[in-house]
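The structure comes before the details.

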Amino acid sequence: MVVAGAGYVGTCLGVALAERGAEVVAVDSDPDTVEDLRAGRCRLPEPGLAPMVRRLAATGRLTASTSFDPVQVADVVLVAVGTPIDPKGVLVADQLVAACQQIAPRLRPRHLVILKSTVAPGTTRTLVAPLLERGGLVHERDFGLAVCPERLAEGVALTQVRTLPVVVGGCGPHSASAAERFWRDALGVDVRRVPTAEAAEVVKLATNWWIDVNVAIANELARYCAVLDIDVLDVIDAANTLPKGSSRVNLLVPGVGVGGSCLTKDPWMAWRAGRDRGVRLRTVETARAVNDDMPGHVASVIVDELLGLGRGRTDSPIAVLGAAFKSDTGDVRNTPVRDVVVALRENGFPVRVFDPLADPAALLDRFGIPPAASLDEAVRGAGCLAFLAGHREFQRLDFAALAELVDVPCLVFDGLLHLPPARVRELHQLGFAYRGIGR
């Protein structure tokens, strides 16, 4: 089978399929990516992915190419190319169009094409299908065409790809049945079939729309609890005990903002599709505004706390610990931590950045300052330890040892560790000041 697009989704998916015994060719336009995969190298910051790529490349079950010619001998083509949006929320389909134009002349009868890329409702039927049919075959009659949106979460993607139910929506019943059989056979996972390709397209948008809104509620609740001198985590823990419908109230926890390649994009894609059809999605507008405001709010809280401790700007280095957009990953794409760092520096504070999971070159590129080479280097003489990602490595830190390295009084700002009360009391006993989001 062929996976078109060897980015995060395509590589995780290709590895999972090859691990189950499939022969997978990852097709990508970037020669460096193809060269890496052929050599068994993987630079994507997903736990466990690099060793799997190395092992599967050695078996020959996972290989790569810049050419789409392998489509001619494959039975299934999975399209996982990037689908960004422009500033108005419109899908930028250049990569998708290019892939379809390459696939079309290589299609043969009984092929199955599955779209994994996130697209606006109707894209598969009105854009992808006509492009693929330029090769002379007709979808649903000659080849199958289905939408199976990707729903993997970074940090646990390799577990989820083997366990999460796959949503299937076909451009006709034959396509849907073929896609359903493929996933059951290829990965052995449950399948949730929806009536149409359009419904499957909306599933992905609705999922990330919901997550973004829920995070926005948590972030606003945290700011509300802060002015009431209430610990937001106490409120969330208690509120989530209430049964509601077939589940429970499920408030997420606050953080420094929303980043990554999906949550900041997909809600706007849904919003634009709604606007084009006369429906204004106000919850998208509000959630995006709330979450985009969080980095500035976090920086303001840190600055106010440091000045309240009597610390000056020039003598209070801030160690930003955790730069990724999500805990337990090293992915700094579109990370909200960058905006926190920018705001802190604009306020006159020197900032050091350290993330044990992120690539140093990526950190330098994203933040414009050389990252600290070690935790000790980052915290030595610091007036603030700002934990802006909740990596497990940070959860296990010996704060007593850190107390010997920092400059007192030192603030521990808890952006995503969500330390329990006992650990907070320990920090106070060690001489640290503590402040969290809504705590």
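Ala-382 is buried, its relative accessible area being 0% (buried means under 20%, exposed over 50% and partly exposed in between, with a 1.4 Å probe and protein chains only). The residue sits in the loop between helix H14 (375-379) and strand E13 (384-387); helices (H or I, at least four residues) and strands (E, at least two) are DSSP runs numbered from the N terminus. Leaving aside residues up to four places away in sequence, Ala-382 touches Pro-317, Ala-319, Arg-352, Val-406, Asp-407 and Cys-410, where contact means heavy atoms within 4.5 Å. Between the C-alpha atoms of Ala-382 and Leu-416, 34 residues apart along the chain, the separation is 19 Å.

The model is predicted: local features need pLDDT of at least 70, side-chain atom pairs count only at pLDDT 80 or more, and totals for chains, interfaces and linings use all residues. Residues are numbered from 1 along each chain as its sequence is written, and side-chain values use heavy atoms, with hydrogens and water left out.

On a 1 Å grid over the protein atoms alone, a cavity is a set of points where a 1.4 Å probe fits but cannot get out, while a pocket is an open set with protein on both sides within 12 Å along at least five of seven lines; lining residues have an atom within 4 Å of a point. Points are joined across faces, edges and corners, and a volume is the space filled by probe spheres set on the points. The count is 2 cavities of 30 Å³ or more.

In the table, Ala, Val, Leu, Ile, Met, Phe, Trp, Tyr, Cys and Pro count as nonpolar, Asp, Glu, Lys and Arg as charged, and the others, Gly among them, as polar.

| Space | Volume | Lining by class |
|---|---|---|
| Second largest pocket | about 410 Å³ | 5 nonpolar, 5 polar and 7 charged residues |
| Largest cavity | about 110 Å³ | 9 nonpolar, 1 polar and 3 charged residues |
| Second largest cavity | about 40 Å³ | 4 nonpolar, 2 polar and 2 charged residues |

Of the 17 residues lining the second largest pocket, Arg-110, His-111, Leu-112, Ala-178 and Arg-181 lie nearest its centre. Helix H7 (residues 173-186) supplies the largest share of that lining, 7 residues.

The largest cavity has 13 lining residues, and Lys-116, Glu-150, Leu-152, Pro-165 and Val-166 are those nearest its centre. The second largest cavity is lined by Ser-117, Thr-118, Val-119, Val-147, Pro-149, Ala-200, Glu-201 and Lys-204. Helix H8 (residues 197-228) gives the most to this lining, with 3 residues.
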